[in-house]
Amino acid sequence: NAGVTQTPKFQVLKTGQSMTLQCAQDMNHEYMSWYRQDPGMGLRLIHYSVGAGITDQGEVPNGYNVSRSTTEDFPLRLLSAAPSQTSVYFCASSQPDSSGANVLTFGAGSRLTVL
Amino acid sequence: GENVEQHPSTLSVQEGDSAVIKCTYSDSASNYFPWYKQELGKGPQLIIDIRSNVGEKKDQRIAVTLNKTAKHFSLHITETQPEDSAVYFCAASTSGTYKYIFGTGTRLKVLA
């Protein structure tokens, strides 16, 4: 099992450019999510999905779009990159257990720099 | 809004000593409290978790305690080793929802 695979690992963009961060999981998890990690701020939820065709906003959704056409894939789109979006992005998947608790499995991260 | 406060932000201990990281949460509905370890260049990985119906849980050198009344939970690492050096995140979550609030992280350095 590969778990959660993110691509690319590193990306440099110019302000105004667009790009998509890819995320794929092979564990048949229902839930997938995107977090950004900034120094001193922990992990903040951008968008999440509880199943194919269903997405919702997290704590910091502005400037990002997502879609979930399959169980396996959950891409994160930046339509017009801004320097404030310079961060490390983590994709996570999870399957609630019998008590409803979510144990997150994270990808290795994608480091994005916007100049 | 709801938040999770985590202390300290950095912690240095001698190899073999114990390390304690503390978190406080604000949302009374939280009932699941995981701890994640993040090594350099990698994604966070679950190391231990505790549910609200339990006061303490141990797994070898790692233990977590929960005080629901005070809304505190703590990670205890005994007999620390250099490979314990990493960033540790606490989180509070509510079962049945996707609500997951992370602390700001603690960078633990174990000095050989």
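1. Buried area here is the accessible area (1.4 Å probe) that two parts lose on being put together, summed over both. For chain B and chain A of this predicted model, that area is about 1700 Å², and carbon and sulfur atoms give 60% of it. Pro44(B), Tyr98(B) and Phe102(B) supply 40% of the area that chain B buries against chain A, more than any other three residues.

2. Conventions: the model is predicted, local features need pLDDT of at least 70, side-chain atom pairs count only at pLDDT 80 or more, and totals for chains, interfaces and linings use all residues. Residues are numbered from 1 along each chain as its sequence is written, chains are lettered from A and ligands numbered from 1 in the order in which they are written, and side-chain values use heavy atoms, with hydrogens and water left out.

3. Counting contact as heavy atoms within 4.5 Å, 23 residues of chain A are in contact with 19 residues of chain B.

4. One salt bridge is counted between chain B and chain A (a side-chain nitrogen of Lys or Arg within 4 Å of a carboxyl oxygen of Asp or Glu). The side chains of Arg51(B) and Asp97(A) meet in a salt bridge, at 2.2 Å from N to O.

5. On the side of chain B that touches chain A, at least two residues each come from strand E4 (32–38), strand E5 (45–51) and strand E10 (100–102) of chain B. Strands are DSSP runs of at least two residues, numbered from the N terminus. By class, this side of chain B has eight nonpolar, eight polar and three charged residues. Ala, Val, Leu, Ile, Met, Phe, Trp, Tyr, Cys and Pro count as nonpolar, Asp, Glu, Lys and Arg as charged, and the others, Gly among them, as polar.

6. A search of the whole structure gives one cavity of 30 Å³ or more. A cavity is a set of points on a 1 Å grid over the protein atoms alone where a 1.4 Å probe fits but cannot get out; lining residues have an atom within 4 Å of a point. Grid points are joined across faces, edges and corners, and a volume is the space filled by probe spheres set on the points. The largest cavity holds about 50 Å³ of space.

7. The lining of the largest cavity has 13 residues, with Glu2(B), Asp27(B), Ser30(B), Ala92(B) and Ile101(B) nearest its centre. Strand E9 (86–93) and E10 of chain B each supply at least two lining residues.

Notes: Helices (H or I, at least four residues) and strands (E, at least two) are DSSP runs, numbered from the N terminus. On a 1 Å grid over the protein atoms alone, a cavity is a set of points where a 1.4 Å probe fits but cannot get out, and a pocket is an open set with protein on both sides within 12 Å along at least five of seven lines; lining residues have an atom within 4 Å of a point.
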